[in-house]
Amino acid sequence: MNHPPNTPATVALAIAGFDPSGGAGVLADMKTFAAHNCYGVAAVTALTVQNTQGVSSVHPTDARVLKETLVSLLADGRIKAVKIGMLANRENAEAVRETLEANPSLPAVLDPVFRSATGMDLLDRPGFEYLRDHLLGRVTVVTPNLAEAAALTGLKVENQEGMKAAAKKLVEMGARAVVVTGGHLDKAVDVLFDGQELECFVGEHVKPDNTHGTGCTFSSAIASNLAHGRQLSDAVVLAKAFVTEAIRKAYAVGPGRLPLNHLHRMQHNPRPIDLSPPAQEPEPAP
Ligand code: PLP
């Protein structure tokens, strides 16, 4: 029997930690890729134990297993963009650098996450220094939040002026492009600097505030848009709109922080299924 040829999928790769509560890490990335019509594949850098109330432990993947996974996934030859999130340690960061070196034309988004919002370290100190000194300059764009931008640059980053200064400093330090995210400021502003142009994107500050996995989702949304061939500035604008709506539609899955609603575009408030028995046909009149 003749089958029509398979349509090639737009494949996006997440290199990130596993959050079993699904709000951050590779599960958030996979949902975000799916919402952007990308087929998601993942290389897990660490298992974390966490629920909506916080991270209780971190268990890094053996760097050799991570490397083998990356080589295997990339050998299929279809990956169009990569998002890099939690790395856990220096050995994993080195494996990622080798992968980027072997695939220099692959668009890559680096979310330089080193600590959870609830205070657990997600990257050791040597890993953080390695990321700053050896990964920053090898990706298409790096997406620090205020705390990450401050830790990477040594600057105080507390407002829009500080964000602009940090973005410029990160480019001086070797980054090709930077988005400093300021979702927690009064106005949810993001600053994009690509070494030439500095753009500020002001978004709505939507409630709720106590969201989990926002950085993961933003970076994987940018990666999805790059995978589809969009320009960086367009990818950032679209990712910001996506995250804003995913926060607006966030849901409570536990008593702690709220995961974003990554699949909000696929939900049209379906009516509950009526399981009551069908109404009886009226008896025919005698
Ligand atoms: N867990 C994993 C696996 C993550 O990748 C991240 C963030 O990148 C977090 C937890 C922390 O997310 P948040 O700071 O929103 O709690």
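The model discussed here is a predicted one. Helix H7 itself covers residues 214-227 and thus contains 14 residues. From its first C-alpha to its last, helix H7 reaches 20 Å, close to the 20 Å expected at 1.5 Å a residue. Twelve of the 14 residues of H7 are buried, so the helix is largely enclosed by the rest of the structure. The buried residues of H7 are Cys216, Thr217, Phe218, Ser219, Ser220, Ala221, Ile222, Ala223, Ser224, Asn225, Leu226 and Ala227.

Helix H8 has 17 residues, 232-248. Its first and last C-alpha atoms are 24 Å apart, close to the 24 Å expected at 1.5 Å a residue. In H8, the buried residues include Leu232, Ala235, Val236, Ala239 and Lys240. Further along H8, Phe242, Val243, Thr244, Ala246 and Ile247 are also buried.

**The ligand and its surroundings**

The ligand is surrounded by 14 residues. The closest of them are Gln50, His212, Gly213, Cys216 and Arg257. Cys216 is also one of the buried residues of H7. By class, the shell consists of six nonpolar, six polar and two charged residues.

| Residue | Protein atom | Ligand atom | Distance |
|---|---|---|---|
| Gln50 | polar side-chain atom | nitrogen | 2.8 Å |
| His212 | polar side-chain atom | oxygen | 2.9 Å |
| Ala117 | polar backbone atom | oxygen | 3.0 Å |

On its own, the ligand has 390 Å² of accessible area, and the protein covers 91% of that area.

Ser116 belongs to the loop between strand S5 (108-110) and helix H4 (125-135). The relative accessibility of Ser116 is 13%, so the residue counts as buried. The side chains of Ser116 and Thr118 are joined by a polar contact of 3.0 Å. When neighbours within four places in sequence are left aside, Ser116 is in contact with Val55 and Leu122.

Gly54 is in strand S3, residues 54-60. In sequence, Gly54 and Thr118 are 64 residues apart, whereas in space their C-alpha atoms are 5.7 Å apart.

**Thr153 in helix H5**

Thr153 is found in helix H5, residues 146-153. A polar atom of the Thr153 side chain lies 2.7 Å from the backbone oxygen of Ala149. Thr153 has a relative accessibility of 8% and therefore counts as buried. Neighbours within four places in sequence left aside, Thr153 is in contact with Ala166, Lys169, Leu170 and Met173.

**Loop residues**

Asn37 has a positive phi of about 60° although it is not a glycine. Asn37 is placed in the loop between helix H1 (25-35) and strand S2 (39-51). With a relative accessible area of 62%, Asn37 is exposed.

Ala88 is likewise not a glycine, yet has a positive phi of about 75°. The loop that holds Ala88 runs between strand S4 (79-84) and helix H3. Ala88 is buried, its relative accessible area being 8%.

Asn103 is found in the loop between helix H3 (90-102) and strand S5. At 24% relative accessibility, Asn103 counts as partly exposed, because that class lies between the buried limit of 20% and the exposed limit of 50%. Asn103 and Leu74 are 29 residues apart along the chain, and their C-alpha atoms are separated by 8.7 Å.

Definitions and conventions: Residues are numbered from 1 along each chain as its sequence is written. This is a predicted model: local features need pLDDT of at least 70, side-chain atom pairs count only at pLDDT 80 or more; totals for chains, interfaces and linings use all residues. Side-chain values use heavy atoms; hydrogens and water are left out. A residue is near a molecule or strand if one of its heavy atoms lies within 4 Å of it. A polar contact is a pair of N or O atoms within 3.5 Å; within protein, one must be able to donate a hydrogen and the other to accept it, and residues adjacent in sequence count only if both atoms are side-chain atoms. Accessible areas come from the Shrake-Rupley method with a 1.4 Å probe; for residues, only the protein chains shown count as cover. Ala, Val, Leu, Ile, Met, Phe, Trp, Tyr, Cys and Pro count as nonpolar, Asp, Glu, Lys and Arg as charged, and the others, Gly among them, as polar. Helices (H or I, at least four residues) and strands (E, at least two) are DSSP runs, numbered from the N terminus. The expected span of a helix is 1.5 Å times one less than its number of residues. Buried means under 20% relative accessible area, exposed over 50%, partly exposed in between (1.4 Å probe, protein chains only). Contact means heavy atoms within 4.5 Å.
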